[in-house]
Amino acid sequence: AADLAAWAAAIVRTPLPWPGAASAPLAAVARVQPELEFWLGLPSASARDIDAWVCDAVPLHHPRPPVRDVTLHGLLKGFIDLVVEHDGRYYVLDHKSNRLGNDNCAYAPPALAAAVAAHRYDLQAVLYLLALHRLLRQRLPGYRPSHHLGGALVVFWRGVAHPSAGAWTLPAPL
């Protein structure tokens with residue numbers, strides 16, 4: 001229990017690299033909304049076409065498993081782990097508990113990018129950002145994506161002690 005309490009304290013106190021904003025720990029951000037439910041309406045679209053767009057918008061330089069060759073149509077339901085407002089910008093934060101290795105080197109930026117690619121967290125982050133964009137467009141007066149939509153962080157909390165804070169960041173691919 002003591003180890004878990006120390007780890008939780010490190011998680012909320014470790015500065016995170018928010019794209020386009022000053023680093024700050026979760027304990028210092030203005031507002032958070034956990035487990036934000038969303039529904040994305042999808043007209044008839046090829047999953048592979050969506051994936052190709054994501055691969056172009058999010059350069060990872062690591063191989064990514066292909067998505068299934070299906071046509072999507074209808075509603076996609078999901079939950080964003082955490083939406084954060086920091087420095088007037090809004091971010092998606094996706095918590096990961098994956099163990100990437102036995103030491104802190106496993107949480108260096110190249111290893112984080114490889115894990116994101118292998119598990120397709122890039123695709124997940126872009127879908128979450130799209131959902132957040134649509135929500136902000138409806139609810140935030142004067143919303144401008146280039147000003148308000150900050151990006152996504154995929155945070156591997158087991159790497160919180162690494163200088164990267166275990167965070168892979170994605171500025172919003174406008």
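Contact here means heavy atoms within 4.5 Å. With that in hand, helix H4 lies across S1, S2, S3, S4 and S5, running at about 145 degrees to S3; axes are lines fitted to C-alpha atoms, for helices over the stretch in contact, and angles run from 0 to 180 degrees between N-to-C directions. Helices (H or I, at least four residues) and strands (E, at least two) are DSSP runs, numbered from the N terminus.

This is a predicted model, where local features need pLDDT of at least 70 and side-chain atom pairs count only at pLDDT 80 or more, while totals for chains, interfaces and linings use all residues. Residues are numbered from 1 along each chain as its sequence is written, and side-chain values use heavy atoms, with hydrogens and water left out.

**The sheet**
- Five strands make an open sheet with mixed pairing, in the order S1-S2-S3-S4-S5; two strands pair if DSSP finds at least two bridges between them.
- S1 and S5 are the edge strands, each pairing on one side only.
- On average, neighbouring strands are turned by 35 degrees against each other, direction ignored.
- S2 and S3 run antiparallel and are joined by five bridges; Val-83 stands opposite Val-92 in S3.
- H2 also packs on the sheet, touching S1 and S2, and its direction makes about 125 degrees with that of S1.

- The largest nonpolar core has 36 residues, and Ile-80, Phe-156, Trp-168 and Leu-170 touch the most other members. Such a core is a set of buried Ala, Val, Leu, Ile, Met, Phe, Trp, Tyr and Cys residues joined through side-chain atoms within 4.5 Å.
- H4 gives this core its largest share, nine residues.
- Beyond four places in sequence, the contacts of Trp-168 include Leu-112, Val-116, Asp-122 and Ala-125.

**Arg-120**
- Arg-120 sits in the loop between H3 and H4, and counts as buried because its relative accessibility is 10%.
- Its side chain makes a polar contact with the side chain of Asp-122 (3.1 Å). A polar contact is a pair of N or O atoms within 3.5 Å; within protein, one must be able to donate a hydrogen and the other to accept it, and residues adjacent in sequence count only if both atoms are side-chain atoms.
- A polar atom of the Arg-120 side chain also lies 3.0 Å from the backbone oxygen of Pro-65.

Methods: Buried < 20%, exposed > 50% of the residue type's maximum accessible area, 1.4 Å probe, protein only.
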